[in-house]
Amino acid sequence: MLSLLAGAVAQHPIYWADLGLRPGIDLGFFTLRFYSLAYIAGIVLGYWHLSQMVKAPGAPMAQRHAEDLFFYCTLGIILGGRLGFALFYRPELFTDFSHPGWMPWGLLRLWDGGMSFHGGVLGVLAAIAFVSWRGQLNWIRVCDYIAVNVPFGMFFGRIANFINGELYGRPTDVPWAMIFPTDPLQVPRHPSQLYQAALEGLVPAIVLLCVFWYTKARWRPGLLVGLFTVFVAGARFINEFFRAPDSYLAYVVTETGLSRGQWLSIPMILVGLAIMAWSLWRRPTVTKPVGDTRLDA
C-alpha cells in the first residue's frame with residue numbers, strides 16, 4: 001500500500017482496489033467490520049484518556065462520572081448519529097419498512113451505513129447533560145473534558161470510511177487521485193476520507209491535547225469545547241469542498257452553492273466562537289477537590 005501511495009505521481013490515478021483493503025475481518029460466521037472497530041477504538045481510547053484527565057488538578061468530575069459518561073456518550077453517539085442522519089439527510093428512513101430479513105425498518109439498519117456527525121454531537125451533548133444533572137456537575141466543564149477526546153473517534157471513523165471505499169471525494173486530477181470501485185462514473189477522485197481524518201481528527205486531537213496539558217485552558221469553562229467546535233466544524237466546512245455530495249443531496253449544492261454538511265457547520269462555527277468569547281471574558285474557575293466528586297468551588 002505504501003509503495004502504491006509513494007508512486008502516486010508515476011502511477012496516476014491510483015486504483016483503490018489495488019490497495020488490497022477489505023471492509024472487515026472475516027471470522028467465518030461473522031464479518032467484524034472496521035467501521036465498528038473504529039467506533040470501539042475511538043470510544044475506548046477516549047475513555048482511557050478521560051480517566052487520565054480526571055486525575056489532573058482542576059477536574060470537574062471523578063472517575064465514577066467518567067465511567068457513566070463512557071456508557072451514555074456511547075449511547076448518544078449511536079442514537080444521535082443515526083437519528084441525525086435520518087433527520088438531516090434521509091427522512092424517508094423513518095417510514096421505510098421494506099427491507100427483507102429480521103429487521104425491515106430502515107431506521108434501525110445501522111449495518112447499511114449512515115451516521116451523522118452533527119447528530120452524534122447532539123446525542124453526546126444530551127448524554128453529558130444527563131450525567132451532569134444526575135451527578136450535579138458543571139455541564140460546560142464536562143463538555144470541555146469530553147471535547148478533547150472526540151477527535152480520536154473522528155480520526156478512526158474517517159480511516160474506516162477510506163478502508164470501506166465509501167464517502168469518496170469529487171473528481172480531480174491531483175497526483176494522488178483515486179478510482180473507487182463503488183463510483184458509477186469510475187473517474188479519479190479526491191481521497192477526501194483521508195483529508196477528513198487529518199483535519200477533523202488528527203489535527204484537532206493534537207491541538208486539544210496540547211492546549212489541555214500545556215496551558216491553563218482547563219480552568220476556563222467553555223474554552224476547550226468552543227475551540228473544538230470551531231476547529232472541527234471549520235474543518236468539515238473546508239473538507240466538503242473536496243467530498244462528493246450524496247446523490248440524494250446533490251441538489252442542495254446546485255441550488256445553494258454549499259452542501260448540507262456545510263450549512264449545518266456554519267451555525268456550529270458561530271456557536272463555538274461565541275462560547276470561546278464568553279469563556280475568555282469570564283474569570284478562570286477555581287476548583288477544589290470535594291471528597292470523591294471534585295465539584296466546582
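The exercises below come with worked solutions.

This is a predicted model, in which local features need pLDDT of at least 70, side-chain atom pairs count only at pLDDT 80 or more, and totals for chains, interfaces and linings use all residues. Residues are numbered from 1 along each chain as its sequence is written, and side-chain values use heavy atoms, leaving out hydrogens and water.

**Exercise 1.** Describe how helix α2 packs with helix α7.

*Solution.* 

Step 1. Two packed helices are described by the angle and the distance between their axes.

Step 2. Helix α2 spans residues 34-53 and helix α7 residues 192-214; their axes come within 12 Å and cross at roughly 15°. Since angles under 35 degrees count as roughly parallel, α2 is therefore roughly parallel to α7.

Step 3. Now the residues: α2 brings His 49, Gln 52 and Met 53 to the contact, and α7 brings Leu 209, Phe 212 and Trp 213 (contact means heavy atoms within 4.5 Å). Sorted by class, four of these are nonpolar, two polar and none charged.

**Exercise 2.** Find which residues touch the most other members of the largest nonpolar core.

*Solution.* 

Step 1. Such a core joins buried nonpolar residues (under 20% relative accessible area) through side-chain atoms within 4.5 Å.

Step 2. The largest core has 36 residues, and Leu 50, Met 61, Leu 69, Ile 128 and Ile 146 touch the most other members.

Step 3. Helix α8 gives this core its largest share, seven residues.

Step 4. Take Leu 69: beyond its neighbours within four places in sequence, its contacts include Leu 50, Val 131 and Val 142.

Note on methods:
Axes fitted to C-alpha atoms, helices over the stretch in contact; angles between N-to-C directions. Helix = DSSP H or I, 4+ residues; strand = E, 2+ residues; numbered from the N terminus. Parallel < 35°, antiparallel > 145°, perpendicular 65-115°, else oblique. Nonpolar A, V, L, I, M, F, W, Y, C, P; charged D, E, K, R; others polar. Buried < 20%, exposed > 50% of the residue type's maximum accessible area, 1.4 Å probe, protein only.
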